[in-house]
Amino acid sequence: MKHNRIAFTLAEVLITLGIIGVVTALTIPTLIANHQKEVVGTRLKKFYSSFNQAIQMSVAENGDFSTWHLDTQDNATNEKWVQEYIIKYMQVVETKDFLFGHTKMYYLADGSAFARNNDTNTRDWVYFTQEPQKCIQHNSQPAPSFGAVKEPLGRCAFEFSLSSTKGMTPYTYGWQDNNIETLKQGCKSDIRDKRLWCTKVIQLNDWKIPKDYPWKVY
């Protein structure tokens, strides 16, 4: 008996491989981007929680936060306060000089890092979801200070604010705290003071990068 054999021709195989290649090329970047969004959101939430947990542990030893919170114009005094009352309660694996200014950069085990964003106070903080130097250099032209760098904000650098009444929170002005449309408009702006609001936009979305988020994060 003769048996009919079914086989693909070379052309059919090549066409199939081509289709698979196209589909892969279209889907993999999306999968990578979605994964990175999840990583950034998770790290932001973890930093927010860890810092505020550190405050609570410090409160247990040093009393009410409002009685020991320090905010002076002297960088050395501010840095000493941060080391004594905050950093000792966090899982910091390495400390380096910040790329700009005179503050310190504190590295966490997952590769992220944070620092005071201004050497004249303890209120303004920046959190990097990846290695800070890589984040800044990848996104910006040379600038004399981090304050002059626009591009990393909302991408791999996120602004937080520390106060004796609220602890560590995403950076906003009080009247903007829950005005999501105003915050979104600010986040996608080229104006640096408004790009600082991106952290709050993500927090209000349960620490997940919104579908309409204006920037690629990493």
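Predicted model: local features only at pLDDT ≥ 70, side-chain atom pairs only at ≥ 80, totals over all residues.
A residue is taken as buried when its relative accessible area is under 20%.

Strand S4 spans residues 124–128, and five of its five residues are buried, so the strand is largely enclosed by the rest of the structure. S4 is paired with two strands. Strand S3, residues 113–116, runs antiparallel to S4 and is joined to it by four bridges. Within this pairing, Arg116 has Trp125 of S4 as its bridge partner. Strand S5, residues 157–163, also runs antiparallel to S4, here with five bridges. In that case Val126 is bridged to Glu159 of S5.

Aromatic residues of S4 also take part in ring pairs. The model contains 14 aromatic pairs. In one of these, the ring centres of Phe51 and Trp125 are 5.2 Å apart and the planes meet at 75°, so the pair is edge-to-face. Phe51 belongs to helix H1 (residues 10–62) and Trp125 to strand S4, so the pair ties together parts separated by 74 residues in sequence. Phe51 and Trp125 are both buried. A further pair is formed by Phe98 and Phe128, with centres 6.3 Å apart and planes at 70°, so this pair is edge-to-face. It links distant parts of the chain, as Phe98 is in the loop between strand S1 (92–97) and strand S2 (104–108) whereas Phe128 is in strand S4, 30 residues apart. Both of these phenylalanines, Phe98 and Phe128, are buried. Ring pairs also link Phe47, Phe51, Tyr106, Phe114, Trp125, Tyr127 and Phe160 into a cluster.

Charged side chains are placed over aromatic rings as well. The charged end of Lys96 sits over the ring of Tyr107, at 5.0 Å from the ring centre. Arg195 lies over the face of Trp215, and its distance from the ring centre is 3.9 Å.

Helix H1 also contains Ser58. This serine has a relative accessibility of 0% and therefore counts as buried. Apart from neighbours within four places in sequence, Ser58 is in contact with Gly63, Trp68, Tyr85 and Tyr89.

Two disulfides are present in the structure. One is formed by Cys135 and Cys156, whose sulfur atoms are 2.0 Å apart. The torsion about the S-S bond of Cys135 and Cys156 is about 85°, so this disulfide is right-handed. Cys135 lies in helix H4 (residues 132–139) and Cys156 in the loop between H4 and S5, so the pair ties together parts 21 residues apart in sequence. Both Cys135 and Cys156 are buried.

A disulfide also joins Cys187 to Cys198, with an S to S distance of 2.1 Å. The link of Cys187 and Cys198 is right-handed, with 105° about the S-S bond. Cys187 is located in helix H5 (residues 180–187) and Cys198 in helix H7 (residues 198–204), so the pair ties together parts 11 residues apart in sequence. Cys187 and Cys198 are both buried. When the bonded cysteines of the chain are numbered in sequence order, the pairing is 1-2, 3-4.

How values were computed. Residues numbered from 1 in each chain as written. Heavy atoms only, no water. Buried < 20%, exposed > 50% of the residue type's maximum accessible area, 1.4 Å probe, protein only. Pairing = 2+ DSSP bridges. Phe/Tyr/Trp six-rings, centres within 6.5 Å; stacked < 30°, edge-to-face > 60°. Lys NZ or Arg CZ within 6 Å of the ring centre and 35° of its normal. Contact = heavy atoms within 4.5 Å. Disulfide = S-S within 2.5 Å.
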